[in-house]
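Trainee: I am new to this structure and would like to learn how to read it. Please take me through a few features, one at a time.

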Amino acid sequence: MSALPTATREWLTGPGLTRLWEKVRKRLESNGVQATGSLRLTAMNPQERNDLSLLLGKPLTGAAVTVRLDVLDARLRASAAGLGLRQTLEELGPPLTDRRATRADATARREQVWSSLASSLDASPLAGQEWPRRWYDLLRRAGVPRGVTPEAAVSTLQQAVLVLTTLLGPERGSARGRGELAAMATGSAHGLDDGTWLARLVQRGVALAHDTEFPGDAAGRRALWRLVSVTPDEVSSTVLTYGLRPDGEGWRERALRERAEHHAEAHLTPRDLHDLRLRLPAGTLIHICENPRVVEAAADAACVRPLVCTSGSAATVVVTLLDALAATGCRFTYHGDFDWPGIALANRVIRRYDAVSWRMGTADYERLAARSQAEGIPQLALDGGPVNAGWDPDLTPAMTALGVALHEEATLELLVDDLSRQT
């Protein structure tokens with residue numbers, strides 16, 4: 001039940017005092033919930049001036065007034081309300097928040113994160129090394145990621161110290177898998193997955209301990225793990241290929257050539273690429289497609305030209321393969337979907353490898369769109385914001401004008417025909 005009499009509550013909550021209570025609440029919440037200091041109301045209308053005159057017990061004639069909070073507190077206590085300023089506000093609205101105390105508490109909790117980390121490092125076998133202090137300073141400057149509570153931060157930082165002690169301490173063990181290491185530290189085999197805060201913390205420490213730059217891509221991060229004998233997952237992701245015939249007599253090279261001879265696709269893992277010597281004749285033209293269906297059709301048609309599939313996004317394993325092929329002097333030509341994500345992916349691939357567009361021009365798009373419409377194929381709407389095609393300035397306006405998206409399968413017959421040609 002309310003401690004305020006009904007008539008008093010109704011008067012205090014009237015429109016004439018609404019602005020007063022809003023400003024008083026804000027002031028109290030910012031100054032430790034103390035009825036001290038003053039505030040100023042300006043541009044008061046007649047009702048506000050009349051009600052505030054009654055509340056303060058003195059006539060107000062101007063459009064502005066300065067209200068002392070201690071005087072307001074005393075007036076409320078002596079009035080029919082019978083409550084102080086803080087109690088009155090909490091009767092009229094939600095409980096007040098002491099924002100000063102909240103900020104102080106948050107500061108103390110954040111400080112606890114770093115004092116806990118310092119204590120963990122001092123108590124660990126890493127304490128005698130030089131790099132942990134630089135690691136601590138770097139992490140403290142970067143701060144805790146948004147959304148991570150201080151309690152979770154303390155736990156994750158302690159896990160990072162445990163992992164780094166295992167990898168860089170005086171009793172470091174033999175090679176181990178990243179999932180095994182993660183399970184030991186966190187209970188989850190995914191605790192050190194790429195992109196997690198814990199993985200970044202550990203990788204920062206490893207980079208500092210080995211006096212190397214922190215890598216900016218997945219391939220570099222895998223190499224960083226190898227510096228401390230940790231084997232990242234190198235078998236679950238693959239790149240789909242067809243028709244690669246590398247030189248060399250290693251079993252991997254021979255296996256690729258044999259699959260090419262039998263017109264069979266090949267899925268290569270990062271582990272394969274790490275050990276495979278991809279030496280192709282300089283100037284070899286590699287066709288790149290976006291959708292696996294193109295590879296399947298090329299294999300069914302016993303096509304002769306080499307093909308690499310991005311599988312929609314050009315994951316790290318795809319880029320690793322294409323980089324290796326580029327290093328041998330291969331040339332590239334690219335085809336993908338005629339939609340905005342497809343154009344964005346084409347831009348990235350063409351720019352990175354100085355590739356030539358492959359049936360991805362304005363005329364190709366308009367011809368395919370007209371054919372699909374003539375054949376009564378349902379039209380797929382072109383959704384999202386336009387992306388400029390870096391290889392053909394007329395393509396984006398043409399796509400925008402027609403508003404039709406065309407997936408790579410619409411070009412399948414022409415692509416297979418290209419891949420079937422010997423020269």
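Trainee: Which elements cover the buried residues of H10?

Mentor: Helices here are DSSP runs of H or I with at least four residues, strands are runs of E with at least two, and both are numbered from the N terminus. Buried means under 20% relative accessible area, exposed over 50%, and partly exposed in between, with a 1.4 Å probe and protein chains only. Contact means heavy atoms within 4.5 Å. The cover over the buried residues of H10 includes helix H7 (131–142), helix H8 (150–168), H9 and H11. Bear in mind that this is a predicted model, where local features need pLDDT of at least 70, side-chain atom pairs count only at pLDDT 80 or more, and totals for chains, interfaces and linings use all residues. Residues are numbered from 1 along each chain as its sequence is written, and side-chain values use heavy atoms, with hydrogens and water left out.

Trainee: How many residues of H10 are buried?

Mentor: Of its 13 residues, 10 are buried, so H10 counts as mostly covered. Among them are Trp 197, Leu 201, Gln 203 and Leu 208.

Trainee: Is Gln 203 buried or exposed?

Mentor: Gln 203 has 2% relative accessibility and therefore counts as buried. Beyond its neighbours within four places in sequence, Gln 203 is in contact with Asp 194, Phe 214, Arg 221, Leu 224 and Trp 225.

Trainee: What comes just after H10?

Mentor: Asp 211, which takes a positive phi of about 50°.

Trainee: How do I read a pocket?

Mentor: Rolling a probe the size of a water molecule over the atoms shows where empty space is left. On a 1 Å grid over the protein atoms alone, with a 1.4 Å probe, a pocket is an open set of points with protein on both sides within 12 Å along at least five of seven lines; lining residues have an atom within 4 Å of a point. The largest pocket holds about 340 Å³ of space, a volume being the space filled by probe spheres set on the points. It has 19 lining residues, and Arg 178, Asp 194, Pro 232, Asp 233 and Ser 236 are the closest to its centre.

Trainee: Which helix gives the largest share of the lining of the largest pocket?

Mentor: H11 does, with 4 residues. Helix H9 (178–186), helix H11 (218–227) and H15 each supply at least two.
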